[in-house]
Amino acid sequence: MRIFNRAHFPWFLFVVLTTIAAGWIYVGNFYPSHLPPGLVLPRALVQETSEHRSIGGTPVGLVFGVVSFAIFIFGALLSLRKRVVLWPIGTVQRWLRAHIWLTLLTIPLVLLHSGFRLGGPMTTLLMVLYTVVMVSGLYGLFLQHRMPIIMKERLPSETVYEQIPHIRSQLFLAAERMYNSFKSAKLSPASSTESSAAIIDPESEAALVTFLEDQVMPYLHARRGGRFGLGDSSYSEDTFRFVKLRVAETYRDRVEQIQAWCDERRMLDLQTRLHHWLHAWLFVHVPFSYLLLILTGWHAFVTLFYY
Amino acid sequence: MITPRRTQKQISNKYQGNLGYYSKTQLWRLARFLISFFAIAVGVALVISYRKRGDERFFSSGPLSRNHAALANNCASCHDNSLLTGHQLTQAKFQKAVSDQFHHGIAFDAIDNNCETCHFARNKRTYAFHELNVVKNRSCSVCHQEHQGPGPLKWVASSQCASCHNNPQTMEASAQKGMQPHWDNWQRHPHPAQQIVFELPRPARGYTETFSSFWDGHPEFQLKREPGRDPDVLRFNHTRHFAADIPFVSGQKLDCNYCHKPDSEGRYYQRVTFAVNCQVCHSLQFDPKNPELVLPHGNTTAVRGFLRTLPTQYADLSVKKGITRPNEIKNFVTQQMIQLRERVRSGEEFERQVFFVADPYKPKGETEPRVRALFYGCALCHDVQPVANAAPFIAKPTFVDRWMPQSSFDHAKHTMVKCDECHHATRSRDTSDVLMPGIASCVTCHSPKGKVVAECITCHVYHAPPTLTVATKSLGGEMLINKTANR
């Protein structure tokens, strides 16, 4: 999801204003002398007691903590929202925008809740988990922002990711069919001679069979095409140019067809790679988010009832 | 690269045969689900295993100070875990705990109770928290912040004091509350029984001026604000003792340190005594011819008895001088008495001069040699009152040991400062001068500008003393505590 567009501006404004307000309340409550005279906190926003040992334990600190925890829960609900697409509770796009900006808002809130201290082992663990979740999320956000540009440049026709194995096998089957056609023609030269004596060029066919057998079919059949020569576009270009020179004119359209399969395969590989980049961070972000959610709940429970 | 331009028909043809892909299990998603599930399971397992046999210190917000290091393995010695253990967390308790904390923050009552219980068991004392007029006592844990590291317990921050003392509403409420109790009910800082403490009466509104820090708005010391008089009845002139004509003592010029000696800790100074500090110059030699013969000090009856038995005193002196024969002793005594009678007409006159004349032997003109260690008469230093048919009465001097009992001071930490910079003794001519510095002297160094620490607890103690020290005497409004004990 790209975040530099008009739909995100209200969220950006909301986060900035809320951060300023939270900072003002924080300074006004805990360091009132740092505020200039014109910005003194109204009485209603000053917490009832100034007694505090850790800022997180004060009413204001608790509010920061609870709001952050609520945002964590909301953030975790995004995956549920994605599963149940037809729920009439806002589009997934809106949820994602809220997910991004509200979780960004937790950065100041968590810092203010903690009073800029790591605290003991439990809170340090929570901060580490939070950092992992936020860094992975920001990385994912960067990828979501950057990937569409890369895909537009390098991936003109996108395929549904889940269809890639199917299409890959289709490409291989097509190559295999062509290969079989050449092989069968070779095994029954009489019939082929009868049908199209002027077109058939055994040398060209032999060259194509060899090419298909040695390079194209292994490449199209492989799970990962990157380690094959044809997986490299410039190598592929050169190879096909060379193959075209080796076959008769009548076989060149076949060569171009094979080249189209290889190009498509290469695009599928690229798309797979980009897809992995685009989604691999979720293997860190999602599980750590759940872990953070559970441990934050535990932290809240223990600190509220064990004091 | 060839750019494939495919029609929708071509694309749909490609997907043909695999249109039910969304219902199939996707490895990528399955892996993510399994890892997420694993993370949740780990989280839940952590919580459960911790509750069964976890180390409580995991939740500690930091190491305990060395003062409480012995409690490091027993969180329950301070913290109340009753809501977490057993089945005591009812819905009502849950709601109350949450509501309280969102209104007042995390409560420290349970911890404070444990502090008091433990400290009572160890020190056999309870902590009277603050003065009677305190609007709301601070929690132990708020000022004495724990879990800040393994060093000594963190100093009480001045901001804790300022949270009330810089709050006009709180101070006003405190002033109102403080007008009710009688002065004698106020607890004061305890002092050793033999110590004389000068304490001015409590101001009508108490000590409720608002200020933000010692260097910014702290009221002038009460002793300077409401100038008191030194209650001492001794006649003493500091300036005179710094004069150029004062002879050297033990080869040194007389200075502050000759009379004012620090106590064993160096915090304060020992009391000046006649025998140790004055007698070397002001010996009670009444007869210049016999400097060995000195009047007793400290008891007028003894002096009177001494004067009325002068022949015997001279006889004793003659023996000390090695005269053994009775005739020689008698001659010596007679000779001394004749010499004495040349100066005074009668024994009564001599007694009057000794007690009531400030300077009976003052040299007459420059021709007469000045005799050092000459007795000037009791009245030089003392206020001597005649008593019919008895020895005169001399009021015992009152040497105040502590002038500012609301604060503590350490002279040892101020040795780099000259005495006179703060006390201005060289300018004091009268005994009644109180030679205590004002706040300006202190702020010179104890401020951000002076770069010397100026926390509230540098001078003050928050806790009121555990027992009441009764004021025993009133002199012109001020109180001298424990004066009777010194008598």
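A nonpolar core is a set of buried Ala, Val, Leu, Ile, Met, Phe, Trp, Tyr and Cys residues joined through C-beta atoms within 7 Å, where buried means that 20 or more other C-beta atoms, placed from the backbone, lie within 10 Å of a residue's own. The model here is predicted, so local features need pLDDT of at least 70 and side-chain atom pairs 80 or more, while totals for chains, interfaces and linings use all residues. Residues are numbered from 1 along each chain as its sequence is written, with chains lettered from A and ligands numbered from 1 in the order written.

Let's look at the cores. The largest has 23 residues, and A:Leu109 and A:Leu292 have the most contacts inside it. H10(A) gives the most to this core, seven residues. A second, separate core of 18 residues includes A:Val216 and A:Ile258.

Now for a pair of helices (DSSP runs of H or I, at least four residues, numbered from the N terminus).

| Helix of chain B | Residues | Contact residues |
|---|---|---|
| H13(B) | 310–320 | B:Leu310, B:Pro311, B:Tyr314, B:Ala315, B:Ser318 |
| H14(B) | 326–343 | B:Ile329, B:Phe332, B:Val333, B:Gln336, B:Met337 |

Contact means C-beta atoms, placed from the backbone, within 7 Å. The axes (lines fitted to C-alpha atoms over the stretch in contact, with angles from 0 to 180 degrees between N-to-C directions) come within 9 Å and cross at roughly 125°.

Notes: Helices (H or I, at least four residues) and strands (E, at least two) are DSSP runs, numbered from the N terminus. Two residues are in contact if their C-beta atoms, placed from the backbone, lie within 7 Å. A residue is buried if 20 or more other C-beta atoms lie within 10 Å of its own, exposed if 12 or fewer, and partly exposed in between; C-beta atoms are placed from the backbone.
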